[in-house]
Amino acid sequence: MQTALDLTVMLPQSAYDYGERSSGEAHGVVLTKPHVVNLILDLAGYTEDRDLASLSLLEPACGHGAFLVPAAERLIQSARRHDRDLLEIEPAIRSYDVERDHVDRARLAVAGALARLGLPHGDATRLSEAWIAHGDFLLTSQGRRFDAVVGNPPYVRIEQLSPELQEEYRHRYRSLYDRADLYVAFIERGLELLAPGGVLSFICADRWTLNRYGAPLRRILSRWFRVRCYVDLRGASPFESEVVAYPSIFAVSPGKTGSVPVATLRTASPEECEAASAALRRAEGRAEGRAEGRAEAGAAERGSGVAVSEYASWFEGDDPWVLGSPAHLEALRALEARFAPIEEVGGTRVGIGVATGSDRIYIVGEEVDIERDRLVPLVMRDDIEDGRIRDARRFVINPFGSDGKVVNLEEYPRLSGYLHAHEAEIRRRYIARRGGAGWFRTIDRVVPALATAPKLLVPDIAGANEVVYDEGRFYPHHNLYFITSEGWDMEALGGLLGSRVALFFVWSYAVKMRGGYLRFQAQYLRRIRLPPPESVAEELISDLRSSFRRRDFDRLDELALRAYGIDALPGFGFLDTRR
């Protein structure tokens, strides 16, 4: 094996101690079910009927060996079919992991699988040690390219990494944009290492296909790579443990994307995965065999046991990958062609509430001994129920003056005493370390005028559009988004935003969470299109306002259709908890 050309660089092990993920698995490990692994290997073309000893497979984060064991088994079966000896298969697989324990467990699992296939113990151990290296894949210089890149890259948010590791990764990978998950860098690096005819086949959260941090990666794919197929797993359970976000499988190779088969799995059972593998490979074969032209969008394969639709064209540039029925996409594009985005209508603005860097310190009760003009009434997600805001009598400390600069603490002795009592903890925040004299500032600037402005509040995560109206009493916390407007009657606007029409836009673009919940982030709220307020009749405005106050969502749906001048919307899948 060409190990002399594999230059592995690792920062000190302490740099990789980034804690636990919400799945309960350490260091981003979420184990993939064996039949789902088989589907991913199939989509990468790593099948034992091929001469796999002549190919090279890369698994960039081996974990406990979920992908390496079946890959090794396929390699041995292929080698026997093609009369290869053991020396010829040693360069065929390469894998990495930053955790020594993972490397040891994966080597043991692979050696055990090889022994069960009849290899002598010494050969099984030698191959497993040659195939699996202890190292940071993202910092490893490779001396070759690979025909298959497969796996389930780590689920780790970039801000969970040590500062030095963040800096190094961001320097190397342009896909690590905004608050990206680390898996996007694994995708980017995997794409870089593909041989001209190679295939990358990954399973990971589908967030990057829709949200802002996935935009650079979508641009890379659009320009240089062909999307071979996509598997929607929103309703399925492909992992051994539950994860919050919905996953998907995608297979890409160098080239230009044409038509793309998209499979939707309901359960990801062994039978369904086997059927999906066969159906998607048939669809890929049809696409490759066409001399010219494209398949009709949405044409579904029948008799395969899974729903497979063929998209005649894919998404350009960094456009989100909005996957729905042909009727859904047609309705979405028609509305987007007729109406402007929300922030281009009626002086409307979408924003997010304040992030402090330490809520325990900066969010206080009314009993706190701080100057009153330094306290701004605060509303949090838990204060909203049944469309109303409960005054919990909590406040956010405002360390800023009217000029936007931090206040002089000498002018506020009680605030100064409070902050200095918590100084050690405050200074541990990242914003404090780079803030100099403003060590006590909150991450976001507090602008008291926002508290007194009429606004709509939208929780970050909700089962449906839970828009509430604040007439000007509270400052929103960072788990709430706010909408202000110069031209709209705010309650009428709340009525439109509480309707299924507005929800249709959000559902099309937003990350879907398990349990039927959506992320109502600013980037998705800004995708909502609105009619100009002057185009909506006063009678309709009045009706929207009164229906919004009553929380009469059925009526709001009817009124919104009238405001947009449409008769109906196609069905779209979400759990509507309003009804």
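Is Cys273 buried or exposed? Cys273 is buried, with a relative accessible area of 3%. Please bear in mind that we are looking at a predicted model. Cys62 is buried too, at a relative accessible area of 3%. As for disulfides, the count comes to zero.

Let me turn to the helices. Helix α7, residues 183–192, is largely enclosed by the rest of the structure, because nine of its ten residues are buried. Among them are Phe186, Ile187, Glu188 and Arg189.

Next, consider helix α16, residues 490–497, and helix α19, residues 538–550. Their axes come within 7 Å and cross at roughly 75 degrees, and the two helices are therefore roughly perpendicular to each other. On the α16 side, the contact involves Glu491, Ala492, Gly494, Gly495 and Leu496; these meet Ile541, Leu544, Arg545, Phe548 and Arg549 of α19. By class, this contact has five nonpolar, two polar and three charged residues.

I close with the salt bridges, of which the structure holds 36. Arg84 pairs with Asp51 at 2.5 Å, N to O. Arg84 lies in the loop between α2 and α3 and Asp51 in the loop between α1 and β2, so the pair ties together parts that are 33 residues apart in sequence. Arg84 is partly exposed at 27%, and Asp51 is partly exposed at 23%. Arg84 also meets Glu88 in a salt bridge, at 2.9 Å.

Further along, Arg526 forms a salt bridge with Glu343, their closest N and O atoms being 3.1 Å apart. This pair links distant parts of the chain, 183 residues apart. Finally, salt bridges that share partners join Glu366, Asp391, Arg393 and Arg473 into one network.

Key
Residues are numbered from 1 along each chain as its sequence is written. This is a predicted model: local features need pLDDT of at least 70, side-chain atom pairs count only at pLDDT 80 or more; totals for chains, interfaces and linings use all residues. Side-chain values use heavy atoms; hydrogens and water are left out. Axes are lines fitted to C-alpha atoms, for helices over the stretch in contact, and angles run from 0 to 180 degrees between N-to-C directions. Helices (H or I, at least four residues) and strands (E, at least two) are DSSP runs, numbered from the N terminus. Angles under 35 degrees count as roughly parallel, over 145 as roughly antiparallel, 65 to 115 as roughly perpendicular and the rest as oblique. Contact means heavy atoms within 4.5 Å. Ala, Val, Leu, Ile, Met, Phe, Trp, Tyr, Cys and Pro count as nonpolar, Asp, Glu, Lys and Arg as charged, and the others, Gly among them, as polar. A disulfide is a pair of cysteine sulfur atoms within 2.5 Å. Buried means under 20% relative accessible area, exposed over 50%, partly exposed in between (1.4 Å probe, protein chains only). A salt bridge is a side-chain nitrogen of Lys or Arg within 4 Å of a carboxyl oxygen of Asp or Glu.
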